[in-house]
Amino acid sequence: VKKQGKNGHLFYTEDLSDQMIARVELESDLRKAIERDELVVYYQPQFHAEDNRLIGVEALVRWNHPSRGILSPGVFIPIAEETGMIYEIGTWVLREACRQMKQWHREGGPLIPVSVNLSAHQFHQPNLVEYIRSILEETKLDPQYLELEITESMMMDPAVSINILHELNKIGTRISLDDFGTGYSSLSYLKKFPIHKLKIDRSFIADLSENQNDQAIVATIIAMAQNLKLDVIAEGIETKDQLDILTENDCKKIQGYYFSSPLAASEVEKAFFIPSRV
Ligand code: C2E
Ligand code: CA
Ligand code: CA
Ligand code: CA
């Protein structure tokens, strides 16, 4: 049976029910994923372009599904958001990331900041600040080594958001505005948000070497960050050309496949520190 979809595409209802079954299966598998220890945090290293030193990592969750292999967050985070499982998963990722930073340091590695993505639901969760505080106490990570990545789209109600951000500032964590430039940030609010860093979205980097508009946008974001005394990092750097344009524009903090893709914790150790130990 053919049906007209919402967006005008034709699809088969059979396919649709297959999809629904797959989705329901995935949802019930996800419920068990935490207790079965199937979630893993990967870490994508961030570097300083001047001396190539490791300056931090971004925590990116993966699901090691028993039959489907490694699933990316794009597949299961939306399900987690819809079903409310994001609270449990998000808390787990935060704790795991903080724990790992302490472990690396304890074992002779560097003490580096970790950036953790917050979803919209998590950001607006009433006890967010309390559980972040308790995770920091439990793992004994100095709060300045935890950076929370939020997006402009979570800040639709600026008054509410500013309150949450102030609470987070009080406990000493840092805050980064992820995917910057893709949402609707009113520049007047950007000035008022108590944030520390802008993360230039990958979409402006992808065609940076060829696209003069992207070059203008990127240069403007970097200059604006400097004027607002905000830190700035670019993500999605895949080529030397992109890196050169960014450093010419005075963006020194870099994340992307050009340097490293997200890695399991043990791979980070092997590639970037304590090589003699492992
Ligand atoms: P994001 O926060 O924008 O993360 C960056 C994504 O870009 C990651 O995809 C990363 O693997 C990918 N990436 C890094 N360098 C490059 C590059 O040079 N080129 C290209 N093409 N891609 C690059 P990933 O890990 O699949 O994560 C996708 C999204 O899922 C993230 O986007 C983030 O929004 C979300 N996510 C990941 N982990 C978590 C989490 O623990 N909690 C929440 N709420 N969301 C998460
Ligand atoms: Ca991010
Ligand atoms: Ca991003
Ligand atoms: Ca994103």
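**Reading the metal sites and the ligand pocket**

The calcium ion (ligand 2) is held at 2.1 to 2.3 Å by E58 (OE), N117 (OD1), E149 (OE) and D178 (OD). This is a predicted model, and the dialogue below goes through its features one at a time.

User: How are the donor residues of the calcium ion (ligand 2) spaced in sequence?

Analyst: A spacing pattern gives each donor residue by its letter and the number of residues lying between it and the next donor. For the calcium ion (ligand 2) the pattern reads E-x58-N-x31-E-x28-D. Distant parts of the chain are linked in this way, since E58 belongs to strand β4 (residues 54-65) and D178 to strand β8 (residues 174-180), 120 residues apart.

User: Are E58 and D178 buried or exposed?

Analyst: The general idea is to take the relative accessible area of a residue and compare it with a cut-off, and here buried means under 20%. E58 has a relative accessibility of 4%, so it counts as buried, and D178 is also counted as buried because its value is 7%.

User: Which residue bridges the calcium ion (ligand 2) and the calcium ion (ligand 3)?

Analyst: A bridging residue is one that coordinates two ions, and in this model that residue is D178, with the two ions lying 3.8 Å apart.

User: Which protein donors does the calcium ion (ligand 3) have?

Analyst: The donors of the calcium ion (ligand 3) are D178 (OD), D179 (OD), E235 (OE) and E235 (OE), which lie 2.1 to 2.9 Å from the ion. In sequence the donor residues follow the pattern D-D-x55-E, and the pair of D179 in strand β8 and E235 in strand β10 (residues 231-235) links parts of the chain that are 56 residues apart. As for accessibility, E235 is buried, because its relative accessible area is 11%, whereas D179, at 26%, counts as partly exposed.

User: What coordinates the calcium ion (ligand 4)?

Analyst: The listed donors are D179 (OD) and D179 (OD), at 2.6 to 3.2 Å, and D179 has its place in strand β8. Water is not among the atoms, so sites may look incomplete, and the donor list should be read with that caution.

User: Where does ligand 1 sit, and how many residues surround it?

Analyst: Ligand 1 sits in the largest pocket, and the elements that give two or more residues to its shell are β4 and β8. The largest share of that shell, four residues, comes from β4. Around ligand 1 there are 21 residues, the closest being Q44, R62, R202, E238 and Y257.

User: Which atoms of Q44, E58 and V61 lie close to atoms of ligand 1?

Analyst: Q44 places a polar side-chain atom 2.9 Å from a nitrogen atom of ligand 1, and E58 has a side-chain N or O atom 3.2 Å from an oxygen atom of ligand 1. With V61 the atom is a backbone N or O, at 3.2 Å from a nitrogen atom of ligand 1. On its own, ligand 1 has 800 Å² of accessible area, and the protein covers 81% of this.

User: What phi values do N52 and D250 have?

Analyst: N52, which is not a glycine, has a positive phi of about 60 degrees, and its place is the loop between β3 (39-48) and β4. D250, also a residue other than glycine, has a positive phi near 75 degrees and is found in the loop between α9 (240-248) and β11 (253-255). N52 counts as partly exposed because its relative accessibility is 49%, and D250 is partly exposed at 36%.

User: Is L141, in a loop, buried or exposed?

Analyst: The relative accessibility decides the class of a residue, and at 3% L141 counts as buried. L141 lies in the loop between α5 (128-139) and β7 (146-151), and its C-alpha atom is separated by 7.6 Å from that of M101, which is 40 residues away along the chain.

Notes. Residues numbered from 1 in each chain as written. Chains lettered and ligands numbered in written order. Predicted model: local features only at pLDDT ≥ 70, side-chain atom pairs only at ≥ 80, totals over all residues. Heavy atoms only, no water. Donors = N, O, S within 2.8 Å, 3.2 Å for Na, K, Ca; no water. Buried < 20%, exposed > 50% of the residue type's maximum accessible area, 1.4 Å probe, protein only. Near = heavy atom within 4 Å. Polar contact = N/O pair within 3.5 Å; in protein donor to acceptor, adjacent residues only side chain to side chain. Areas by Shrake-Rupley, 256 points an atom, 1.4 Å probe, with all protein chains shown as cover. 1 Å grid on protein atoms, 1.4 Å probe; cavity = no way out; pocket = protein on both sides within 12 Å on 5 of 7 lines; lining within 4 Å. Sits in = over half its atoms within 2 Å of the grid points.
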